[in-house]
Amino acid sequence: DVCSSDLGYYRLGKYDEALLDFCDALKRDPEDANIYFNRGNATLAKQEYTEALADFDKAISLVDTDENFYHCKGVAYQELEQVADAIENFKFALEQNTKFVPSLYHLGLMYHADGQLFKALDCLTKILADDPSDRRVFESRGLVYQDLLYYGVAVEDFTAALGLAPDYPLNYFYRGKSYLWL
């Protein structure tokens with residue numbers, strides 16, 4: 001496997017070494033979408049978002065049916081604060097796999113950032129309907145409820161988040177703010 005050592009470097013957080021190996025792998029197999037995808041993830045981890053986008057675009061041009069490719073492209077746009085482009089790519093990812101939770105979560109975050117609060121609620125609620133075990137989803141939905149001025153249900157979500165992660169102090173703060181506004 002051409003990518004075995006570079007993925008090892010990537011998993012160890014040695015992104016510069018991984019990038020070197022990904023580039024060597026591309027010299028051997030320049031039509032492998034997964035190598036471009038993995039190199040994009042390494043540059044994404046290094047916060048080199050524009051470079052990551054180029055690799056995700058190349059991966060998608062080679063294989064346009066992988067939800068992971070669109071998802072990571074969406075994350076790069078999210079980090080660049082290009083909300084509309086992020087939304088578009090998370091939606092593309094979900095077209096490939098309607099149950100792809102990472103894209104559904106990030107789509108909810110981006111809808112929230114874009115002021116599309118009911119769409120954000122829809123995304124986050126779908127996740128919790130299938131798996132109510134992620135503190136971040138309860139927290140994110142609670143923040144949307146706060147923006148909608150639905151403080152009672154915001155309190156419920158922050159309480160649920162605290163039930164899952166009682167040592168996470170920010171949800172006490174968020175819940176306290178919601179109590180103040182009730």
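## An all-helix model, starting from a loop

Glu-81 sits in the loop that links helix 5 (67-79) to helix 6 (83-96). Helices here are DSSP runs of H or I with at least four residues, strands are E runs of at least two, and both are numbered from the N terminus. You're looking at a predicted model, where local features need pLDDT of at least 70 and side-chain atom pairs count only at pLDDT 80 or more, while totals for chains, interfaces and linings use all residues. Residue numbers start from 1 along each chain as its sequence is written, and side-chain values use heavy atoms, with hydrogens and water left out.

**Overall build**
- The protein has 11 helices and zero strands.
- Along the principal axes, the C-alpha atoms fill a box of roughly 60 × 30 × 25 Å.
- Contact means heavy atoms within 4.5 Å. Take the contacts between residues at least 6 apart in sequence: 42% of them join residues at least 24 apart.
- Of the 182 residues, 46% count as buried. Buried means under 20% relative accessible area, exposed means over 50%, and partly exposed is in between, using a 1.4 Å probe and protein chains only.

**Surface and charge**
- The accessible surface comes to about 9,500 Å², and 51% of that belongs to carbon and sulfur atoms. These areas are from the Shrake-Rupley method with a 1.4 Å probe; for residues, only the protein chains shown count as cover.
- There are 17 positive and 31 negative side chains, and the centres of the two sets lie 2 Å apart. Lys and Arg count as positive, Asp and Glu as negative, with His and the chain ends not counted. Each charge is placed at NZ of Lys, CZ of Arg, CG of Asp or CD of Glu.

**Nonpolar core**
- The largest nonpolar core has 51 residues, and Leu-44, Phe-56, Leu-107 and Val-144 have the most contacts inside it. Helix 8 (residues 117-130) supplies the largest share of this core, seven residues.
- A nonpolar core is a set of buried Ala, Val, Leu, Ile, Met, Phe, Trp, Tyr and Cys residues joined through side-chain atoms within 4.5 Å.
- Leaving out residues up to four places away in sequence, Phe-56 touches a list of residues that includes Phe-37, Leu-44, Phe-69 and Cys-72.

**Positive phi in the loops**
- Most residues other than glycine have a negative phi.
- Glu-81 is exposed, at 69% relative accessible area.
- Leu-149 isn't a glycine either, yet has a positive phi of about 70 degrees. Leu-149 lies in the loop between helix 9 and helix 10 (151-164) and is exposed, at 57%.

- Glu-139 belongs to helix 9 (residues 135-147) and is buried, with 11% relative accessible area. Beyond its neighbours within four places in sequence, Glu-139 contacts Phe-158, Ala-161, Tyr-168, Asn-171 and Tyr-174.
- Leu-109 is part of helix 7 (residues 101-113) and is partly exposed at 23%. Not counting residues up to four places away in sequence, Leu-109 touches Gln-78 and Ser-140. Leu-109 and Gln-78 are 31 residues apart in sequence but 9.3 Å apart in space, C-alpha to C-alpha.

**Cysteines**
- The whole structure has zero disulfides, a disulfide being a pair of cysteine sulfur atoms within 2.5 Å.
- For Cys-123, the nearest cysteine sulfur is that of Cys-72, 18 Å away. Cys-123 is buried, with a relative accessible area of 4%, whereas Cys-23 is partly exposed at 33%.
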